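Q: Please walk me through this model feature by feature. Where should I start?

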Amino acid sequence: PQKKQWSLQDFEIGKPLGKGKFGRVYLARELKSKYIVALKVIFKEQIEKYRLHHQLRREMEIQTSLRHPNVLMLYGWFHDDERIYLILEYAHRGELYRELRKTGHLTEKQAATYIASLAQALAYCHEKDVIHRDIKPENLLLDHEGRLKIADFGWSVQSTSKRHTMCGTLDYLAPEMVENKAHDYAVDNWTLGILCYEFLYGVPPFEAESQTDTFRRIMKVDLSFPSTPQVSAEAKDLISRLLVKDSSKRLSLQKIMEHPWIMKNADPMDKCSKLDV
Ligand SMILES: COc1ccc(/C=N/Nc2[nH]nc(C)c2C(=O)Nc2cccc(NC(C)=O)c2)cc1
């Protein structure tokens with residue numbers, strides 16, 4: 001069927017959900033279907049100013065082509081003179097970051113469930129030749145059932161082009177990315193190790209006062225486990241098998257899903273509906 005041409009008149013705009021880097025996100029309802037969506041409004045002059053036209057186009061091509069329960073859907077888009085509007089899936093509970101900040105750290109069951117969901121979503125993305133490269137708590141949303149959704153493919157690439165983008169915190173970057181070397185899918189495996197650590201301890205493993213110190217700690221893989229909170233040996237085993245400098249020696253996504261800690265703790269329904277606070 002002919003692709004539907006959307007416009008602002010098709011939607012009733014609700015409350016602002018938050019500010020992204022290049023615009024705001026609003027709750028919205030599509031008038032005919034009454035379907036609730038998130039409408040991400042991006043200012044064209046911002047895109048032109050930062051020369052991000054190609055990157056936004058890539059984000060949209062990638063996100064429209066991906067269909068997975070743990071990947072936030074991009075239903076469509078439209079534009080007017082000043083703005084581009086992305087019609088995105090609405091995830092009721094918002095950024096995983098907020099849950100992490102509220103509780104300080106997650107339970108092993110929550111952490112294992114989210115890592116299993118991420119491994120499944122990344123396996124799917126890698127199958128479609130997409131390396132996300134920017135998996136961090138702010139880019140992870142939770143739906144009403146506590147199911148994890150990877151959002152914001154702004155920095156992802158189709159694996160052909162090896163373009164690097166350095167922005168924001170280094171905490172989540174693998175050594176080969178920090179060294180600006182050619183990198184492959186395995187950068188996302190490294191990041192799963194970073195996230196698993198942060199889910200369980202509340203802080204990323206190589207956090208330091210300055211970017212230079214974080215850089216040094218990443219390059220040295222200066223990994224240590226605090227004595228509190230109490231974390232199981234299996235969890236530490238998984239983290240240690242992911243935070244490996246040689247990218248070819250990192251645990252594969254398949255092996256992550258079969259790891260004893262994941263098998264024992266991840267919710268098979270891949271959601272954390274009950275928030276055991
Ligand atoms: C401030 O408290 C909030 C609680 C929940 C939300 C839910 N956001 N849900 C979304 N579904 N699809 C998209 C895209 C979004 C979204 O971008 N949310 C968003 C954007 C910017 C900041 C935040 N902040 C937080 C805390 O979630 C969420 C947004 C804000």
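A: Glu234 counts as partly exposed because its relative accessibility is 29%. Buried means under 20% relative accessible area and exposed over 50%, with partly exposed in between (1.4 Å probe, protein chains only). This is a predicted model: local features need pLDDT of at least 70, side-chain atom pairs count only at pLDDT 80 or more, and totals for chains, interfaces and linings use all residues. Residues are numbered from 1 along each chain as its sequence is written, and side-chain values use heavy atoms, leaving out hydrogens and water.

Q: In which helix does Glu234 lie?

A: Glu234 belongs to helix H8 (residues 233-242). Helices are DSSP runs of H or I with at least four residues, strands are runs of E with at least two, and both are numbered from the N terminus. The C-alpha atoms of Glu234 and Pro260 are 6.9 Å apart, although 26 residues separate the two along the chain.

Q: How do I read the sheet, and in which order do the strands come?

A: Strands of a sheet pair through backbone hydrogen bonds, either parallel or antiparallel. Here 5 strands make an open sheet, ordered S1-S2-S3-S5-S4, with antiparallel pairing. Two strands count as paired if DSSP finds at least two bridges between them. The edges are strand S1 (11-19) and strand S4 (74-79), each pairing on one side only. Direction ignored, neighbouring strands are turned by 25 degrees against each other on average. The axes are lines fitted to C-alpha atoms, for helices over the stretch in contact, and angles run from 0 to 180 degrees between N-to-C directions.

Q: How many bridges join S2 to S3?

A: Strand S2 (residues 23-30) and strand S3 (residues 36-43) share 7 bridges and run antiparallel. Arg24 has Val41 in S3 as its bridge partner. S3 is also joined to S5, by 6 bridges and again antiparallel. There Leu39 has Ile87 of S5 as its partner.

Q: How do S4 and S5 pair?

A: S4 and S5 are antiparallel, over 5 bridges. They form a hairpin with 3 residues between them. Leu74 has Leu88 in S5 as its bridge partner. Strand S5 (residues 83-88) is largely enclosed by the rest of the structure, because 5 of its 6 residues are buried.

Q: Now the rings. How many aromatic pairs does the structure hold?

A: A pair of aromatic rings is described by the distance of the centres and the angle of the planes. This structure holds 9 aromatic pairs. Trp6 and Phe11 form a tilted pair, because their centres are 5.6 Å apart and their planes are at 40 degrees. Rings of Phe, Tyr and Trp (its six-membered ring) pair if their centres lie within 6.5 Å; planes under 30 degrees apart are stacked, over 60 edge-to-face and the rest tilted. Phe11 is buried at 7% relative accessible area, while Trp6 is partly exposed at 24%.

Q: What is the geometry of the pair of Tyr114 and Phe199?

A: Tyr114 and Phe199 are edge-to-face, 6.0 Å centre to centre with 70 degrees between the planes. Tyr114 sits in helix H4 (residues 108-127) and Phe199 in helix H6 (residues 186-201), so the pair ties together parts 85 residues apart in sequence. Tyr114 is buried at 1%, and Phe199 is buried at 0%.

Q: Which residues form one aromatic cluster?

A: Trp6, Phe11, Phe78 and Tyr85 make up one cluster. Lys4 lies over the face of Trp6, 5.1 Å from the ring centre. The charged end of Arg101 sits over the ring of Tyr97, 4.5 Å from its centre. A charge sits over a ring if NZ of Lys or CZ of Arg is within 6 Å of the ring centre and within 35 degrees of the ring normal.

Q: Which residues come nearest to the ligand?

A: Of the 15 residues around the ligand, the nearest are Leu17, Glu89, Ala91, Glu95 and Arg98. A residue is near if one of its heavy atoms lies within 4 Å. A backbone N or O atom of Glu89 is 2.8 Å from a ligand nitrogen. For a backbone N or O atom of Ala91, the distance to a ligand nitrogen is 2.8 Å. For Glu95, a backbone N or O atom lies 2.9 Å from a ligand oxygen.

Q: What about the backbone: where does Arg51 lie?

A: Most residues other than glycine have a negative phi, and most peptide bonds are trans. Arg51 has a positive phi, near 55 degrees. Arg51 lies in the loop between helix H1 (44-49) and helix H2 (53-65) and is exposed at 62%. Val221 also has a positive phi, near 45 degrees, and is placed in the loop between H7 and H8.

Q: Is the peptide bond from Thr228 to Pro229 cis or trans?

A: The bond from Thr228 to Pro229 is cis, with omega near 0 degrees. Pro229 is found in the loop between helix H7 (211-220) and H8.

Definitions and conventions:
Polar contact = N/O pair within 3.5 Å; in protein donor to acceptor, adjacent residues only side chain to side chain.
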